[in-house]
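User: I would like to go through this model with you. Could we take it step by step?

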Amino acid sequence: MLRGFESIFGDAKQVHIVVSEEAATYRPEMIWLAEQLNEQKHRTFNIQHSTFTGFADGDAVYRFFELFDLANVPNSKKIFELAAEKRIRLTPPPKPVFEEKMLFALLWNRHLHDFWRQELGESFWRD
């Protein structure tokens, strides 16, 4: 597990694991992971809050927040700008189709069929 996680950051010497407040209950696991990886001394892993903006060119960022929560992640705009400019390596990449799967599950749940018909209207299902 450690080798697999460590391998996704290319040749970045510094990795910032940005944990949002919404995901804060996972912070202890991320701290443990960073501590284990820091013992290997291949690169430095730091756990950051969602207000951290001290990224340097060539750093890697592990995004431990969902796209639906961007309004509550103050540094998300900076992270995405730096990634778009290829100044940092961002993983996982922002791909909403992979993060919003629950919406499809709820939409097609047979127990919610009548609710969705009422809320979305009959034409939604025909078109």
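Predicted model: local features only at pLDDT ≥ 70, side-chain atom pairs only at ≥ 80, totals over all residues.

User: How many helices and strands does the protein chain have?

Analyst: The protein chain has 7 helices and 4 strands. Read from the N terminus, the order of elements is α-β-α-β-β-α-β-α-α-α-α.

User: And what is the radius of gyration of the protein chain?

Analyst: The radius of gyration is 19 Å, whereas a compact globule of 127 residues would have one near 14 Å. The C-alpha trace spans about 60 × 30 × 25 Å along its principal axes.

User: Turning to the sheet, what is the strand order?

Analyst: The 4 strands form an open sheet in the order 2-1-3-4, and the pairing is parallel.

User: Which strands stand at the edges?

Analyst: Those are strand 2 (44–48) and strand 4 (89–91). Each has a single partner strand, so one side of each lacks a neighbour in the sheet. On average, neighbouring strands of this sheet are turned by 20° against each other, direction ignored.

User: How many bridges join strand 1 to strand 3?

Analyst: Strand 1 (residues 14–19) and strand 3 run parallel and are joined by 5 bridges. Within this pair, Ile-17 stands opposite Tyr-62 in strand 3.

User: Which strands does helix 2 touch?

Analyst: Helix 2 (residues 27–40) packs on the sheet and touches strand 1, strand 2 and strand 3. The direction of helix 2 makes about 165° with that of strand 2. Helix 3 (residues 76–84), for its part, lies across strand 1, strand 3 and strand 4, and runs at about 120° to strand 4.

User: On to the backbone: which peptide bond is cis?

Analyst: The bond from Thr-91 to Pro-92 is cis, with omega near -10°. Pro-92 is in the loop between strand 4 and helix 4 (96–99).

User: Which residue has a positive phi although it is not a glycine?

Analyst: Lys-41 does, with a phi of about 60°. Lys-41 belongs to the loop between helix 2 and strand 2. As background, most residues other than glycine have a negative phi, and most peptide bonds are trans.

User: Finally, what volume does the largest pocket have?

Analyst: The largest pocket has a volume of about 180 Å³. The lining comprises 11 residues, and Arg-63, Phe-64, Phe-65, Glu-66 and Pro-92 lie nearest the centre of the pocket.

Terms used. Residues numbered from 1 in each chain as written. Heavy atoms only, no water. 1 Å grid on protein atoms, 1.4 Å probe; cavity = no way out; pocket = protein on both sides within 12 Å on 5 of 7 lines; lining within 4 Å. Points joined across faces, edges and corners; volume = space filled by probe spheres on them. Pairing = 2+ DSSP bridges. Helix = DSSP H or I, 4+ residues; strand = E, 2+ residues; numbered from the N terminus. Axes fitted to C-alpha atoms, helices over the stretch in contact; angles between N-to-C directions. Contact = heavy atoms within 4.5 Å. Rg over C-alpha atoms; globule rule 2.2 N^0.38 Å.
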